[in-house]
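Have a look at the picture, then read on.

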Amino acid sequence: MSPTAGKLEGRHFRSRNATQTAAFIFLGACVLLILVPVIYIIVYTIVNGAGAISWDFLTQLPKQRGLQGGIFSAIVGSFYLMVGVVVFALPVGIMAAIYLHEYARQGPLVRLINLSIVNLAGVPSIVYGLFGLSFFVLMLKMGSSLLAASLTLSCMALPVVVTASREALATVPNSYREGSLALGASRWQTIVRVVLPQAWPGILTGLVLAVSRAAGETAPILITGTAFTAILPTSLFDQFNALPYHLYVVATQIPNMPKSTQWGITLVLLVMVLLFNLTAIILRIRLRAQRKKWGL
Amino acid sequence: MSIVNLTMTENRTVPVVFEENVAVKMRSQAVSLFYDKVEALKEVTLPILANRITAIIGPSGCGKSSYLRLFNRMNDLIWNAKVKGQVYLDEEALYDPKIDVVELRKRVGMVFQKPNPFPMSVFDNVAYGPRLHGAKEMGGLSEIVERCLRQAALWEEVKDKLKGSAFALSGGQQQRLCIARVLAVGPEVILLDEPCSALDPASTMRIEDLMQELKVNYTLAIVTHNMQQAGRASDYTAYLLMGELIEFGPTKSLFTYPRDKRTEDYLTGRWG
């Protein structure tokens, strides 16, 4: 052994090593703790619900208070709701974000508005429901309708869409804006031609999160537009059925409802949200691929 | 040659030697710039002569970039910036409320310190300005793009990759692309804000050569912290120190016989 051997063996090496191992185990356990419920829910839903899924279940209208027939009216209603949220919340959310980030003079007022919007995202959904009931249903006389429920869910989705869009706009380098403005572009031309194309992936991510959450909500639509019905809505002012609401009624109000039907509805709702997520993810990947092509 | 008395701050009057029969394209008249209460520029009066290259030199933070941005009103983008005094383009006051900033920026183009091509193809980058201002795809857009790329001495290098990303080009090529992009708008004046500070010496030389070609048709103003560059590439030089115009004159005489002690100190590397 050379005389210098052992110099690198720190005195606290052993205890440090032990701490490290303990930390790894602890952190890993935390990850597991998060994963277990998610996996459990998914597996349990599939195991219990898969048996109920059939072509008829998906395409037939409910009969005998949901004991027979399918859940077609609920699927259609939920689909309309998701479309409604995209149609109302996306343009308004993006425009608001553009105003706040690109036009408004950055100062205490804008900071306060931004903070309020972030906080709005945390407001309980039933509060949005009550707001929708008093504002859309009663004050604007929309009645209990698909329109009122869509608008209520859109209000709920807006804070998330605005915040995500604002953050997406903030990631676009200022040098692009300067370059465009210096060429004689107006602010609006600069936003449409240079800024927004760069911000789309971030905006889409926010939209997906917001719509997914809205699709699963029961409380706000319960008091603004749903009915336990087998009739498909034919206008924006009709009442409608939706998956979370149908599930809620079937699970709490109908005696002798087979468990498999309840889990079947849950499974369909999960798959619907997943499909929507998937569309957005594919869109995002394509946008990213395009950006990669430009070397970004 | 004619001698004009130019009034500086502290009411100093400095005689400046000008060539005769050269028009003043742009000029600033006692212009001050404030960021909140901080005075970044102090009553700077300076002419930019037509078809000449005017270099603005000075140490970092002396306000030279801020000064350049007055000429196309890019300082408008900074909320807390306030301008006092006046800037003229062909004797038209730029800080007049009636001025259309979009029109102004078409006539006074700008190239930035860091090459900032858009995330688009080479072609679309050059076509960006003409498209904004109403050029149609069929109406000779590709001719405009080719002419501007040729003027920017870039055509031979990119003619086969017009559809490719602008980011695939080297830094020097990107900066020449940005110059081509400015030319495509049809400006009269081109402002260059340290256009070579992110480039290697070879690319720098190409840009400097290009500037000499461009001054035949355009008026150029360049901000640089590189004194050698100002000495090589400019016809007139202005020296700014802490927001104050210290000296202005033909580059050769300013570099050989600086009249102000502070200019001499800076040129010999003894300032501060």
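Two residues count as being in contact if their C-beta atoms, placed from the backbone, lie within 7 Å. Keep in mind that this is a predicted model.

With that in hand, take A:Ala157. Leaving aside residues up to four places away in sequence, A:Ala157 touches A:Val85, A:Ala89, A:Ala210, A:Val211 and A:Ala214. A:Ala157 also turns up in the largest nonpolar core, a set of 140 residues. The members of that core that touch the most other members are A:Ala157, A:Val161, A:Val211 and B:Ala180. Helix 6 of chain A, residues 146-170, supplies the largest share of the core, with 16 residues.

**Chain A as a whole**

What is chain A built from? Its secondary structure comes to 11 helices and 2 strands. Starting at the N terminus, the order is α-α-β-β-α-α-α-α-α-α-α-α-α. The radius of gyration of chain A is 25 Å, whereas a compact globule of 296 residues would have one near 19 Å. Along the principal axes, the C-alpha atoms of chain A fill a box of roughly 90 × 65 × 40 Å. Of the 296 residues in chain A, 36% are buried. If you look at contacts in chain A with a separation of 6 or more, 75% of them are between residues 24 or more positions apart.

One helix to pick out is helix 10 of chain A, residues 243-252, which is mostly covered, with 7 of its 10 residues buried. Those buried residues are A:Leu243, A:Pro244, A:Tyr245, A:His246, A:Leu247, A:Val249 and A:Val250.

**Where the chains meet**

How many residues does each chain bring to the contact? Chain A brings 20 residues and chain B brings 24. On the chain A side, the elements giving two or more residues are helix 7 (174-182), helix 8 (187-215) and helix 11 (259-293). Helix 7 of chain A gives the most, with 6 residues. By type, the chain A side divides into 8 nonpolar, 8 polar and 4 charged residues.

**The sheets of chain B**

Over in chain B, there is an open sheet of 6 strands in the order 8-9-10-5-11-12, with mixed pairing. Its edge strands are strand 8 (108-111) and strand 12, each of which pairs on one side only. On average, neighbouring strands of this sheet are turned by 15 degrees against each other, direction ignored. Helix 6 of chain B, residues 171-183, lies across strand 8 and strand 9 (189-193) of chain B, and runs at about 170 degrees to strand 8.

Is strand 11 of chain B covered on one face or on both faces? Both faces are covered: B:Tyr236, B:Ala238 and B:Leu240 are buried on one side, and B:Thr237, B:Tyr239 and B:Leu241 are buried on the other.

Strand 11 of chain B has strand 5 (residues 53-57) of chain B as a parallel partner, and B:Ala238 is the bridge partner of B:Ile56. It also pairs in the antiparallel sense with strand 12 (residues 244-250) of chain B, where B:Thr237 stands opposite B:Gly249. The hairpin of strand 11 and strand 12 of chain B has 2 residues between the strands, and B:Met242 takes a positive phi near 50 degrees there.

Chain B also has an open sheet of 4 strands, ordered 4-3-6-7, with antiparallel pairing. Strand 4 (38-49) and strand 7 (92-93) of chain B stand at the edges with a single partner strand each, so one side of each has no neighbour in the sheet. Strand 6 (residues 81-89) of chain B runs antiparallel to strand 7 of chain B, and B:Tyr88 stands opposite B:Ala93 in strand 7.

| Strand pair (chain B) | Sense | Bridges |
|---|---|---|
| strand 5 and strand 11 | parallel | 4 bridges |
| strand 11 and strand 12 | antiparallel | 6 bridges |
| strand 6 and strand 7 | antiparallel | 2 bridges |

Terms used
Residues numbered from 1 in each chain as written. Chains lettered and ligands numbered in written order. Predicted model: local features only at pLDDT ≥ 70, side-chain atom pairs only at ≥ 80, totals over all residues. Nonpolar A, V, L, I, M, F, W, Y, C, P; charged D, E, K, R; others polar. Buried ≥ 20, exposed ≤ 12 C-beta atoms within 10 Å, placed from the backbone. Pairing = 2+ DSSP bridges. Axes fitted to C-alpha atoms, helices over the stretch in contact; angles between N-to-C directions. Core = buried A, V, L, I, M, F, W, Y, C linked by C-beta atoms within 7 Å. Rg over C-alpha atoms; globule rule 2.2 N^0.38 Å.
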